[in-house]
Amino acid sequence: MSAIRVDTAARTLTAFGETIPCLIGKAGATAAADKREGDAMTPRGTYAIRALLVRPDKLAAPKTRLPWRWLHESDGWSDDVRDPAYNRPVRHPHPFSAEHLWRSDGLYDLIVILGHNDTPPVPGMGSAIFLHCTAEKPYTQGCVAVPREALLAVVEQLSSTDTIEIA
């Protein structure tokens, strides 16, 4: 059984006996096989929990069993289908399009990297699918987002053998 279950219809995330509201992609959810780069859809499926990125000027070292590292101002994530590093972490400046992970809106103060389209990445099938913090907008570009305090509580209980089911 997955440690985390996201109900995309109800817009809820259930983890370790707690159910909380969550945000999904602006365009809704889709089967992982139908996910496309830039479609603003959250891919349904069961994904490994890969690692955690933490912004050091916003949060203390996390209490977690997940592998983690501090986020750096130059961190990015490739979203360019022409990039050999597609759907992989990169450093800015980067010669291809890549999302900047160091943001001013709090969205990426804490990022759980999900194993979507990463073994190996298929260009165009979606990149940078994370579990992250909510911010101002009532939707994501395809990720799942919850309030920061709720995400911190979940991260404390997760391990790298856990999965997230997005249904």
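## A walk through the predicted model

Start by selecting phenylalanine 16: at 33% relative accessibility, this residue counts as partly exposed. Keep in mind as you go that you are looking at a predicted model. Phenylalanine 16 sits in the loop between strand 2 and strand 3 (18-21). Check its backbone too: phi is near 55 degrees, a positive value in a residue other than glycine.

**Back to strand 1**

Now select residues 4-7, which make up strand 1. Show the side chains and you'll see them alternate.

Which strands pair with strand 1? Click on arginine 5 and look across, where threonine 14 in strand 2 is its bridge partner. The hairpin made by these two strands has 4 residues between the strands, and there arginine 11 takes a positive phi near 60 degrees.

Then bring in residues 163-166, strand 13, which pairs with strand 1 in the parallel sense over 3 bridges. Here, isoleucine 4 stands opposite isoleucine 164.

Zoom in on strand 7, residues 75-78, which pairs with strand 9 over 3 bridges. Pick glycine 76, and you'll find histidine 100 of strand 9 opposite.

**Two cis peptide bonds**

Stay in this area and select proline 93, in the loop between strand 8 and strand 9. The bond joining histidine 92 to proline 93 is cis, with omega about 0 degrees.

Jump to proline 120 for another cis bond: this one joins threonine 119 and proline 120, and omega is about -10 degrees. Proline 120 belongs to the loop between strand 10 (110-114) and strand 11 (130-133).

That loop between strands 10 and 11 also holds alanine 128. Alanine 128 has a positive phi near 55 degrees, in a residue other than glycine. With 7% relative accessibility, alanine 128 counts as buried.

**The cysteines**

How many disulfides does a search of the whole structure find? It finds 0. Select cysteine 22 and cysteine 143 to check: the sulfur of cysteine 143 is the nearest cysteine sulfur to that of cysteine 22, and it is 12 Å away. Cysteine 22 counts as buried at 6% relative accessibility.

Do it again from cysteine 133, which is in no disulfide either; its nearest cysteine sulfur is that of cysteine 143, 11 Å away. Cysteine 133 is buried as well, at 1% relative accessibility.

**Last stop: the largest pocket**

Finish by showing the surface. Rolling a probe the size of a water molecule over the atoms shows where empty space is left. The largest pocket contains about 400 Å³ of space. To find it, select Glu99, Tyr108, Thr140, Gln141 and Gly142, which lie nearest the centre among the 23 residues of the lining. Which kinds of residue line the largest pocket? Colour the lining by type and you get 8 nonpolar, 7 polar and 8 charged residues.

Technical notes: Residues are numbered from 1 along each chain as its sequence is written. This is a predicted model: local features need pLDDT of at least 70, side-chain atom pairs count only at pLDDT 80 or more; totals for chains, interfaces and linings use all residues. Side-chain values use heavy atoms; hydrogens and water are left out. Two strands pair if DSSP finds at least two bridges between them. On a 1 Å grid over the protein atoms alone, a cavity is a set of points where a 1.4 Å probe fits but cannot get out, and a pocket is an open set with protein on both sides within 12 Å along at least five of seven lines; lining residues have an atom within 4 Å of a point. Grid points are joined across faces, edges and corners, and a volume is the space filled by probe spheres set on the points. Ala, Val, Leu, Ile, Met, Phe, Trp, Tyr, Cys and Pro count as nonpolar, Asp, Glu, Lys and Arg as charged, and the others, Gly among them, as polar. A disulfide is a pair of cysteine sulfur atoms within 2.5 Å. Buried means under 20% relative accessible area, exposed over 50%, partly exposed in between (1.4 Å probe, protein chains only).
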